[in-house]
Amino acid sequence: MTETATIANVLGSELSLEELWMPFTANRAFKRAPRLLASANGMYYTTVDGRRVLDGTAGLWCVNAGHCREPIVRAVQEAAATLDFAPGFQMGHPYSFALAERVAEMLPGDLDHVFFANSGSEAVDSALKIAMAYFQSKGETQRVRFVGRMRGYHGVGFGGISVGGIEPNRRAYMAQLLPQVDHLAHTHDPARNAFSRGEPSQGAELADDLERIVRERGAETIAAVIVEPMAGSTGVLVPPKGYLKRLRELCDKHGILLIFDEVITGFGRLGAPFAADYFGVVPDLMTVAKGLTNAAVPMGAVFVRHKIYDTVVNSAPAGIELFHGYTYSGHPLAAAAGLATLDVYENEGLFQRAASLAPYWEDALHSLRGLPRVIDIRNLGLVGGVELEPRSGAPGARAFEVFVDCFNRGVMVRVTGDIIAMSPPLIIEKSQIDDVVGTLGDAIKAVA
Ligand SMILES: Cc1ncc(COP(=O)(O)O)c(C=O)c1O
């Protein structure tokens with residue numbers, strides 16, 4: 001490493017903000033008033049000007065064990081010094097096999113094989129391909145269609161935006177999205193469910209929308225349904241009681257694979273290892289990323305049920321069974337980070353900790369009811385969403401101002417449309433929950 005590459009040097013120099021094209025960011029506005037984070041530890045970020053900011057979002061829903069945890073840092077450092085890279089095509093290394101074995105032990109039902117990618121988006125595209133490969137191998141070659149859900153987020157690959165249901169993410173690319181995709185109605189129903197604590201009671205029947213698509217397309221053409229068990233990125237949309245069980249039953253009835261995108265809900269976010277455990281519904285494939293490595297090194301994965309691996313791999317003629325993979329699938333540093341992360345989760349009982357904190361979190365969030373412009377509050381596990389009434393003619397502006405105000409007051413929350421979303425690291429203390437929610441309340445009052 002040259003001296004000019006050290007963080008201290010970068011921080012000490014005059015930074016030009018011009019050259020970097022920032023993702024999912026209003027670049028011009030950000031560069032006029034930047035928010036730059038220099039370091040992180042435990043529950044806190046420190047900004048470049050030395051302010052401490054309490055992390056109410058686990059980074060981007062991903063740092064579930066808290067920041068710069070020593071065992072994870074050490075594992076990554078050791079892997080970097082031992083095996084910086086090894087090809088994953090027709091070659092292997094112990095780190096990725098060890099992580100696959102370890103993670104398979106914690107999966108529900110007969111999900112027992114793991115395909116590695118480098119992000120949630122790649123995991124989703126991989127899962128869609130595996131679903132197609134499964135039906136090709138079974139001889140059901142007509143089953144090629146996918147069903148997503150409105151207001152679903154499945155990353156930004158062409159597969160992910162095709163099955164996703166976020167209009168602005170799709171608009172510019174509409175002409176080239178996957179052609180054979182339908183969308184279920186979303187489950188967000190504030191008229192019936194506003195201010196629900198946990199799962200809303202109304203709306204299980206929305207799963208029956210799959211029957212409409214089956215009638216229109218024919219079950220024999222549909223490979224898979226993909227949903228986030230709890231939609232995170234579009235503003236914490238908690239599934240109605242019984243909805244996911246119903247969706248599972250309908251997929252079984254029609255021979256359709258069910259994919260849970262657990263990029264956010266995986267690894268303890270709801271107070272159980274996976275949303276599949278929380279809801280007692282086992283999907284056929286599961287996509288994960290974020291909390292898999294505590295975000296210390298990028299990694300995504302697809303978990304598949306036994307029958308899928310068996311059909312695609314064990315029943316294939318000799319040779320490569322699946323023509324898909326990434327240079328960095330199962331990268332040694334990522335796999336080492338994953339192994340150390342799972343140790344931290346287990347040794348510190350963080351999933352149970354999230355479950356035991358969830359009622360306190362729920363009470364704290366719902367104490368904001370009655371503040372000006374608050375039109376809904378939603379929660380599940382250690383996730384919270386507070387929806388504000390949009391300012392007339394300026395959708396999203398009010399919540400964005402609340403987000404900036406919180407940051408200036410020393411708490412990081414997330415904003416999506418007019419919804420404030422929160423998902424703190426699972427190591428959060430009750431007093432820090434009070435700080436997050438208290439600061440949010442002050443900001444809402446100030447901005448209203
Ligand atoms: C449910 C879900 N799927 C997929 C993704 C995409 O993950 P990535 O940004 O790592 O590609 C995200 C990211 O937030 C997500 O929430």
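**View 1. Tyr 153 and the ligand in the predicted model.** A polar backbone atom of Tyr 153 lies 3.5 Å from a nitrogen atom of the ligand. A polar contact is a pair of N or O atoms within 3.5 Å; within protein, one must be able to donate a hydrogen and the other to accept it, and residues adjacent in sequence count only if both atoms are side-chain atoms. This is a predicted model: local features need pLDDT of at least 70, side-chain atom pairs count only at pLDDT 80 or more, and totals for chains, interfaces and linings use all residues. Residues are numbered from 1 along each chain as its sequence is written, and side-chain values use heavy atoms, with hydrogens and water left out.

**View 2. Gly 120 and Lys 290 at ligand oxygen atoms.** For Gly 120, a backbone N or O atom is 2.8 Å from an oxygen atom of the ligand. For Lys 290, the side chain places an N or O atom 3.0 Å from an oxygen atom of the ligand. On its own, the ligand has 390 Å² of accessible area (Shrake-Rupley method, 1.4 Å probe). The protein covers 83% of that area.

**View 3. The cysteines.** How many disulfides does a search of the whole structure find? Zero (a disulfide is a pair of cysteine sulfur atoms within 2.5 Å). Cys 62 has its nearest cysteine sulfur, that of Cys 68, 12 Å away. Cys 62 is buried, at 11% relative accessible area. Cys 251 is buried too, at 1%. Buried means under 20% relative accessible area (1.4 Å probe, protein chains only).

Notes
Buried means under 20% relative accessible area, exposed over 50%, partly exposed in between (1.4 Å probe, protein chains only).
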